[in-house]
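User: I would like to learn how to read backbone and side-chain features in a model such as this one. Could we go through them one at a time?

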Amino acid sequence: MNLSTSGTLINEGSTLVLSGTFTDSDAADTHTVVINWGDGTASTNLNLVAGMNALSASHQYLDDNPTGTAQDIYNISVTITDNHAASATGNTTITVRNVAPVWQSVTPSPASLNVGGSVTLNGSFTDPGTQDTHTVVINWGDGTANTTLNLAAGILSFAPTHQ
């Protein structure tokens, strides 16, 4: 079995295309292909008709595996089984990089206030790593303690109030 990928290094949130070819001496055999992407998601199953000895499938890597590392390596395994229960397995790897979040906006409301007044800081950012959690530390600039917000995966905005 020969396997190839659309790249060996991708960013989290990106899609990988896996292609492969194999041989079978019985051209009348049909085949079942099971692709384990190595990231804990459900396997992809393909049913190939007789005479088809090539496969292609795509998979989006939602995250680089939220381990706090700059990148992680996933082992992809492919098992091909013919209609007589004979099988072959192939493997390849993909490295998925973490991508830093990007600020979209940070806006105080109101923009100015009197001493003793309160301000709400509205902020938002993007991150292609949909399983990433985030920590936002706000220094209010008035000598009080910083505010630390621990945001769960999928939460990409905040609005704390400070007096």
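This is a predicted model: local features need pLDDT of at least 70, side-chain atom pairs count only at pLDDT 80 or more; totals for chains, interfaces and linings use all residues.

User: Which residues does a cis peptide bond join?

Analyst: The cis bond joins Ser 109 and Pro 110, with omega at about 0 degrees, and Pro 110 is found in the loop between strand 9 (102-109) and strand 10 (119-126).

User: How are aromatic pairs to be read, and how many are there here?

Analyst: A pair of aromatic rings is described by the distance of the centres and the angle of the planes. The count here comes to three aromatic pairs. The rings of Tyr 61 and Tyr 74 have centres 5.2 Å apart and planes at 35 degrees, so this pair is tilted; it links Tyr 61, in the loop between strand 6 and strand 7, with Tyr 74 in strand 7, 13 residues apart. Tyr 61 is buried, at 0% relative accessible area, and Tyr 74 is buried at 6%. The rings of Trp 103 and Phe 158 have centres 6.0 Å apart and planes at 80 degrees, so that pair is edge-to-face. Because Trp 103 lies in strand 9 and Phe 158 in strand 13 (residues 157-158), the pair ties together parts 55 residues apart in sequence.

User: Which residues do ring pairs link into a cluster?

Analyst: The cluster is formed by Trp 103, Phe 125 and Phe 158.

Definitions and conventions: Residues are numbered from 1 along each chain as its sequence is written. Side-chain values use heavy atoms; hydrogens and water are left out. Helices (H or I, at least four residues) and strands (E, at least two) are DSSP runs, numbered from the N terminus. Rings of Phe, Tyr and Trp (its six-membered ring) pair if their centres lie within 6.5 Å; planes under 30 degrees apart count as stacked, over 60 as edge-to-face and the rest as tilted. Buried means under 20% relative accessible area, exposed over 50%, partly exposed in between (1.4 Å probe, protein chains only).
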